[in-house]
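Trainee: I am new to this structure and would like to know what stands behind the terms used for it. Please show it first.

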Amino acid sequence: DIIPQPLLDQYLSMTDPARAQTVDTEIAKHCAYSLPGVALTLGRQNWHCLKDTYETLASDVQWKVRRTLAFSIHELAVILGDQLTAADLVPIFNGFLKDLDEVRIGVLKHLYDFLKLLHADKRREYLYQLQEFVVTDNSRNWRFRYELAEQLILILELYNPNDVYDYLRHIALTLCSDKVSEVRWISFKLVVAILQKFYANNANALGLNFINELVVRFRHCSKWVGRQAFAFICQVGTFSRVSVCTFH
C-alpha cells in the first residue's frame, strides 16, 4: 500500500551479484546508501521486507558497502525503534566494530548517537569494547583516535561516575599521551569533562583519585611533554571552571 511491489522488488534485487556484473559494479553500494530512506518510507512495521537485504549488504565483500551502512546505522536505529534495533541492528553493529578501520570509523563517528538509543543494560556492555578503538590498523591514522576522544566527551553522560572511572578514565589517559598533538589536545578536554562528571555527581572521591593520578602521571613526569600536558589540562580546566590545581 505504500510503494508498488515491482518497485520494491527492483530495489531488493540490487544485491544480486549478477546485477553488479551487468548493470553497475557499485550497485550494492547505491542500495546501501538508499536503505535508510527506503526503511523510513516503508515504516518499521514493514522492516521484515528489508531485513534480509540489510544483512546481505552488511556482509558484502566490498568494504565500501559495509562502510556506507556503518555511517547510517544510527539513523536506521531511530527509524526502527529500540526493540528492532536490539534484535536486528546490534549484531551487525558489533560486526562493524571488528571490521576494517574504513568501516569502524563509520560507527565511531556516530557512536554516541547509536549508544544513546540502547537500553542502559545493553549500552553498558560496550564499556568493555571502547578500549578497542584506541588500536587501529594503521597507527598513523590519528584522526581515528581524535574522533574517539570527541565521542567519549559526549558519551560521558550515558554512564555513571563509577563506570566512567573504571573504563573511560584509562582510555582518556592513554589518549593524553598520544604522539600526535591534536589528539592530545582534544584528550585534555576529555579529562576535564571527566572531572566535571565526577564533581557534578558528587563523586568527589573519584575526582580526587583521578586528579592525584594526573599529578603523578603528568605533573611529575620526567619528560617535558608530560609536564606540558599537565599545564594544558589545567588551562582547559580553568576555561571550563574546573581547576585541577585547586582540587589537588
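Trainee: Which residues line the largest pocket?

Mentor: V134, V135, T136, S139, R140, W142, R145, T174, S177, D178, K179 and V180 line the largest pocket. The model is predicted, so local features need pLDDT of at least 70 and side-chain atom pairs count only at pLDDT 80 or more, while totals for chains, interfaces and linings use all residues. Residues are numbered from 1 along each chain as its sequence is written, and side-chain values use heavy atoms, with hydrogens and water left out.

Trainee: What makes a space a pocket rather than a cavity?

Mentor: On a 1 Å grid over the protein atoms alone, a cavity is a set of points where a 1.4 Å probe fits but cannot get out; a pocket is an open set with protein on both sides within 12 Å along at least five of seven lines, and its lining residues have an atom within 4 Å of a point. The largest pocket holds about 220 Å³ of space. Its lining divides into four nonpolar, four polar and four charged residues.

Trainee: Why is F96 called buried?

Mentor: Buried means under 20% relative accessible area (1.4 Å probe, protein chains only). F96 has 2% relative accessibility, so F96 counts as buried. F96 is in helix α5, residues 63–97; a helix here is a DSSP run of H or I with at least four residues, numbered from the N terminus. Leaving out residues up to four places away in sequence, F96 touches A58, R66, L69, A70, I73, V103, R104 and V107, where contact means heavy atoms within 4.5 Å.

Trainee: Why does R169 count as buried?

Mentor: The relative accessibility of R169 is 8%, so R169 counts as buried. R169 belongs to helix α10, residues 161–176. Its contacts, not counting residues up to four places away in sequence, are V164, I194, F210 and E213.

Trainee: How do you know that the span of α9 agrees with its number of residues?

Mentor: The expected span is 1.5 Å times one less than the number of residues. Helix α9 (residues 142–155) has 14 residues and should therefore span 20 Å; its end C-alpha atoms are 20 Å apart, which agrees. The buried residues of α9 pack against α6, α7, α10 and α11.

Trainee: Where does α3 have a kink?

Mentor: The kink of about 45° is at S34, shortly before the proline P36. The bend at a residue is the angle between axes fitted to the seven residues ending there and the seven starting there. After α3 comes G43, with a positive phi near 85°.

Definitions and conventions. Grid points are joined across faces, edges and corners, and a volume is the space filled by probe spheres set on the points. Ala, Val, Leu, Ile, Met, Phe, Trp, Tyr, Cys and Pro count as nonpolar, Asp, Glu, Lys and Arg as charged, and the others, Gly among them, as polar. Helices (H or I, at least four residues) and strands (E, at least two) are DSSP runs, numbered from the N terminus. Buried means under 20% relative accessible area, exposed over 50%, partly exposed in between (1.4 Å probe, protein chains only).
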